[in-house]
Amino acid sequence: MVSTSSAVEPPRKVVVSSVHNVVIIGSGPAGLTAAIYAARANLHPLIIEGEPSSTVDQPGGQLMLTTEVENFPGFPEGIMGPELMQRFRSQAARFGADFLTARVSKVDFSERPFTLWIDDDMYRAHSVIVSTGARSRMLGLEAEQRLLGHGLSTCATCDGFFFKEQEIVVVGGGDSAVEEATFLTKFASKVTIVHRRDELRASKIMRERALRNPKIDFRWNAEVIDILGETKVEGVLVRDTRTGLEDKLDATGVFVAIGHIPNTSLFAGHLDMDDHGYLRTSPGGTATNVDGVFACGDVQDSTYRQAITAAGSGCAAAIDVERWLEANHEEPADALGTPTDW
Amino acid sequence: MSENVTTLTDASFDEVLRASGEPVLVDFWAEWCGPCRAVGPVLDEIATERAGSLLVAKLNVDDNPVATQRFEVQSIPTMILFRDGEPTEVRIVGAKSKSQLLAALQPHLPEG
């Protein structure tokens, strides 16, 4: 075993004209687990990890905007989301994975080797793992453009600080909404969860925590139809889903957590998707409809959507890729190194 | 942090911005903000590459509430470009890629 290096290589900006064994698109738990396995199998994976942003669409993925992760096995005391993702990344880098901090702008999976573009730079790959995850759904209101950064936020952990002793609205009823609301009570005088149903979708433990929290109020059966304020948030207009009656909730901060949309528009016309845009993979496996292209994590999972299930499917994708390359690779087999003892 | 990046405080804010002959990009940030940390290295790169035509400065919002409130920063990272001590129309909310940041700054930067 090689000695452990704690130093992580800074992202290298390299344009390689040769054909990569495997390019991994996306760097959440799925992509980075695939990277760890592929790197240990001497496949020298290239990970195109995404670009900085204040939404979940960034290197590291959805966990980059969460605080304490309490259910990832191996961390009995919990671990901060960004810290966990940094560890995933260091582990992949330790085994020789290469990273590009960039966003894939176009792909062509119609012939092999496959081609990917980052703007004008072209990359070629014998196989591809798609792990682009999912991004937060927004409400789709015009006010969101105007008020982003002026009371409307996509990042509770970043911006909760600015709402000390103020009233906040959190829209949504799932785990992310409840986690954000609970976190925001550290700063706000009151947090109102606006949810269009009459009960939370969140897991039992999160639900109970929120229901017990004296600073959290609930507005059931209500949907947000507008965010009020010209230059900063002054309130939220809600409509009762049963009566149709509208009224205004006072708030200076609004956080939206109403679910996710898979990041698959890049693959339209190439990869099969379901009606909601999730990639279709072979039952019990990670193969897509294109031979040599595999998918893992939330981009193909609308059921579980957990860091650990994403990581598990990332591992499966790397193993599927290694076997596929052994069976299909045109180059001499020794270019791939010796088969790995998993 | 790059040596080309200046650290601002509530006390030094106006003085540094007025004294600068170049436009100043101020990054409002905090230690606990993940996207701020992600954009940090990008700003370091820009500071080094554009040294002489752009000053990059950072203000920690935790320690400097006065400047933070004065410019109504409610989300971090927020990056505001100043000229002659006054904010320009360039106000960037949220972490961005290098090309997005340079595109936003372009009207205020010399060619190249």
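1. A polar contact is a pair of N or O atoms within 3.5 Å; within protein, one atom must be able to donate a hydrogen and the other to accept it, and residues adjacent in sequence count only if both atoms are side-chain atoms. Between chain B and chain A there are 4 residue pairs in polar contact, both residues at pLDDT 80 or more. The number of salt bridges (a side-chain nitrogen of Lys or Arg within 4 Å of a carboxyl oxygen of Asp or Glu) between these chains is 0.

2. This is a predicted model: local features need pLDDT of at least 70, side-chain atom pairs count only at pLDDT 80 or more, and totals for chains, interfaces and linings use all residues. Residues are numbered from 1 along each chain as its sequence is written, chains are lettered from A and ligands numbered from 1 in the order in which they are written, and side-chain values use heavy atoms, with hydrogens and water left out.

3. Contact (heavy atoms within 4.5 Å) joins 20 residues of chain B to 18 residues of chain A. The two chains bury about 1500 Å² between them, 58% of it on carbon and sulfur atoms; buried area is the accessible area (1.4 Å probe) that two parts lose on being put together, summed over both. On the chain B side, Trp32(B), Pro35(B) and Gln74(B) lose the most area to chain A, together 37% of what that side buries.

4. Pro29(A), Ala30(A) and Tyr37(A) are among the residues of α1(A) that meet α7(A), where the partners include Ala307(A), Gly314(A) and Cys315(A). Helices here are DSSP runs (H or I, at least four residues), numbered from the N terminus.

Key. Helices (H or I, at least four residues) and strands (E, at least two) are DSSP runs, numbered from the N terminus.
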